[in-house]
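Hi,

Here is the model I promised to pass on.

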Amino acid sequence: IGVREVMEDTSVVVHYLRSLFGLPLCEGDPDDLFIGLFDGHAGREAAEFAQHHLHYYLVHNPRYEVDPTVALTEAFVKTDQQFLANTAESGSEAGTTATVVILRGSTLFVANAGDARAV
């Protein structure tokens with residue numbers, strides 16, 4: 001609550017996640033929808049990194065097709081590790097919370113990091 005001098009939040013919506021990255025779809029199967037909301041802290045760098053990379057790491061996880069829950073957890077960890085590696089020299093103190101949902105057919109997968117939640 002209150003006025004902020006800088007907006008550090010960002011989001012991403014990918015309507016056809018599996019198709020975008022060339023993953024096969026069985027006939028009649030709907031493609032996955034990915035939505036991510038990132039609440040940046042102490043700068044936009046972490047939120048923007050997650051916005052551009054989290055879904056990439058998710059889809060390239062070998063467990064994504066069979067166990068999206070595990071793949072989500074591992075994608076969150078990889079995103080964090082890569083951001084820290086990329087910013088180690090700059091000394092960035094930026095961070096982000098995240099709320100992510102994947103809609104696969106009639107199943108909704110939800111994950112979060114930090115104090116962000118989906119209700």
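Tyr57 is buried, at 13% relative accessible area, where buried means under 20%, exposed over 50% and partly exposed in between (1.4 Å probe, protein chains only). Tyr56 is partly exposed, at 38%. Before I go on: this is a predicted model, where local features need pLDDT of at least 70 and side-chain atom pairs count only at pLDDT 80 or more, while totals for chains, interfaces and linings use all residues. Residues are numbered from 1 along each chain as its sequence is written, and side-chain values use heavy atoms, with hydrogens and water left out.

Now the rings. The structure holds three aromatic pairs. To pair, rings of Phe, Tyr and Trp (its six-membered ring) need centres within 6.5 Å; planes under 30 degrees apart are called stacked, over 60 edge-to-face, and the rest tilted. Phe49 and Phe83 make a tilted pair, 5.7 Å centre to centre with 55 degrees between the planes. That pair links distant parts of the chain, as Phe49 is in helix 2 and Phe83 in helix 3 (residues 68–87), 34 residues apart. Helices (H or I, at least four residues) and strands (E, at least two) are DSSP runs, numbered from the N terminus. Both Phe49 and Phe83 are buried. Tyr56 and Tyr57 pair edge-to-face, at 5.9 Å centre to centre and 70 degrees between the planes. Ring pairs also bring in Phe21, giving a cluster of Phe21, Tyr56 and Tyr57.

There is a charge over a ring as well: the charged end of Arg104 sits over Tyr64, 4.9 Å from the ring centre. The rule here is NZ of Lys or CZ of Arg within 6 Å of the ring centre and within 35 degrees of the ring normal.

On to the core. A nonpolar core is a set of buried Ala, Val, Leu, Ile, Met, Phe, Trp, Tyr and Cys residues joined through side-chain atoms within 4.5 Å. The largest one has 25 residues, and Phe34, Phe38, Leu58 and Leu72 have the most contacts inside it. Strand 1 (9–14), strand 2, helix 2, helix 3, strand 3 and strand 4 each supply at least two of its residues. Helix 2 gives the most, with eight.

His55 is in helix 2 (residues 45–59) and is buried, at 9% relative accessible area. Not counting residues up to four places away, His55 touches Val12, Val14, Leu17, Phe21 and Phe34.

Last, the strands, which pair if DSSP finds at least two bridges between them. Strand 1 and strand 2 run antiparallel over six bridges, and Val12 has Gly36 in strand 2 as its bridge partner. Strand 1 has a covered face of Thr10, Val12 and Val14, and an uncovered one of Asp9, Ser11 and Val13. Nine bridges join strand 2 (residues 33–41) to strand 3, also antiparallel, with Asp39 partnered by Thr97. Seven of the 10 residues of strand 3 (residues 95–104) are buried, so strand 3 is largely enclosed by the rest of the structure. Strand 3 and strand 4 (residues 107–113) are antiparallel over seven bridges, one of them pairing Val101 with Val110. These two strands form a hairpin with two residues between them, and Gly105 in the turn has a positive phi of about 65 degrees.

Cheers

Terms used:
Contact means heavy atoms within 4.5 Å.
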